[in-house]
Amino acid sequence: MKTRIGILGLGGVGGYFGGLLAKAYAENDAIEVVFIARGKAMEVIAKSGLKISTDEGETIVFPTVVSNDPDAIGKLDYLICATKTYDIEESLDAIRKCITKNTVFLPLYNGVDATERISIIFPDNEVLQGCVYIVSMIAEPGVIKKTGIYEKLFFGSDSASVYRMKALQTIFQNAKIESYLVDNIEETVWEKFVFISSLASATSYLNQNIGEIMENASSRNLYVSLLNEITMIAAVKGLNLPNDIVMQTILKLEKTPRDATSSMHRDLLAGRKIELSSLTEFVVNEGLKYEIETPTYQLIFDKLDTHENN
């Protein structure tokens, strides 16, 4: 019986990891990788393949199927979800007929509410939690550019089938993806969220890249204020994050390429819709829920929300 893996969203995350899977299983009769794409990306990949550009060189991969037609996509055993967070419901609804009761979802979004949102749509399915550390982006339709050394994928669940998760981990490892099946996945996902939420909010508000934030005292202070606010919320929620989470996050940022920025900042600069709701407003709302003051997040949300709605 063939295992069919769908990749929904071919941006920096879905395109990169989906590309590694497509490359590894191109000649494999047991595993089939399906790219779920639309528009120009679908046209380019169908004709010329997906190009992955890294510091080491370029690779072109061809998935078994690239389509947005549910009939062409077919039934899926695993669905790796990596669209923008504001597209979760609409993108999944469009391929509803590809989902069976046995389809396992692996969300790899920037926020922390995706598992809950997917479970509302598909309450009978196993929905894992997951996150990645990678600096990658769409250079142009059908081309993913990845920079730097970060390339880690974490996933897990406290309720899903261990057998299905281990099978997925084997699929990842055989594709040379640095992946970790972890027990304390909620804490792992929140560690990443602390990193990405504060970075996305700071870079977008200040209109600065990582190097500029680290080298400017007032920018760095604003960034640290965001870290203090979000880690306070995590603590009140009862999440067991490292005691030195703020310092760990700053050290992670210092290892990231200086000229890199967040995907939300890139989208803002390009005039595209941004993931403000999942990355900034979510923290403000959690603060209200747990009666934790988040003045820096509130300041940033107010400014970016005004920008987004103009």
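This is a predicted model: local features need pLDDT of at least 70, side-chain atom pairs count only at pLDDT 80 or more; totals for chains, interfaces and linings use all residues.
Let's start with the buried residues of helix H6: they are Arg 164, Met 165, Leu 168, Gln 169, Ile 171 and Phe 172. Looking down the axis of H6, you'd see those buried residues fall within an arc of 160°, so they line one face of the helix.

As for the helix itself, H6 runs over residues 162-174, which makes 13 residues. From first C-alpha to last, H6 reaches 18 Å, close to the 18 Å expected at 1.5 Å a residue.

Now to the two ends. Which residue caps the N-terminal end of H6? That is Ser 161, with a side-chain oxygen 3.3 Å from the backbone nitrogen of Tyr 163. Just after H6 comes Lys 176, with a positive phi of about 60°, and this is a residue other than glycine. Lys 176 sits in the loop between H6 and strand S11, residues 179-181. Buried or exposed? Lys 176 is exposed, at a relative accessible area of 72%.

A second residue belongs in this part of the talk. Glu 291 is also not a glycine, and its phi is positive, near 55°. You'll find Glu 291 in the loop between helix H12 (276-290) and helix H13 (295-308). With a relative accessibility of 73%, Glu 291 counts as exposed.

Let's move on to the strands. Strand S6, residues 76-81, pairs with strand S7, residues 99-107, in the parallel sense over five bridges. If you want a spot to look at on screen, take Ile 80, whose bridge partner in S7 is Leu 106. Together S6, helix H4 (residues 88-94) and S7 make a right-handed β-α-β unit.

From there the chain goes on from S7 through helix H5, residues 114-121, to S8, and this β-α-β crossover is right-handed. S7 and S8, the latter being residues 126-127, pair in the parallel sense over two bridges. Which residue of S8 does Phe 105 stand opposite? It's Val 127.

So, to recap for anyone turning the model around: in H6, look for the face lined by the buried residues, and for Ser 161 capping the N-terminal end. Then follow S6, H4 and S7 through their right-handed unit. Thanks, everyone!

Definitions and conventions. Residues are numbered from 1 along each chain as its sequence is written. Side-chain values use heavy atoms; hydrogens and water are left out. Helices (H or I, at least four residues) and strands (E, at least two) are DSSP runs, numbered from the N terminus. The expected span of a helix is 1.5 Å times one less than its number of residues. Buried means under 20% relative accessible area, exposed over 50%, partly exposed in between (1.4 Å probe, protein chains only). The arc is that of the directions from the helix axis to the C-beta atoms. A polar contact is a pair of N or O atoms within 3.5 Å; within protein, one must be able to donate a hydrogen and the other to accept it, and residues adjacent in sequence count only if both atoms are side-chain atoms. Two strands pair if DSSP finds at least two bridges between them. A crossover is right-handed if, with the strands pointing away from the viewer, the path from the first strand over the helix to the second runs clockwise.
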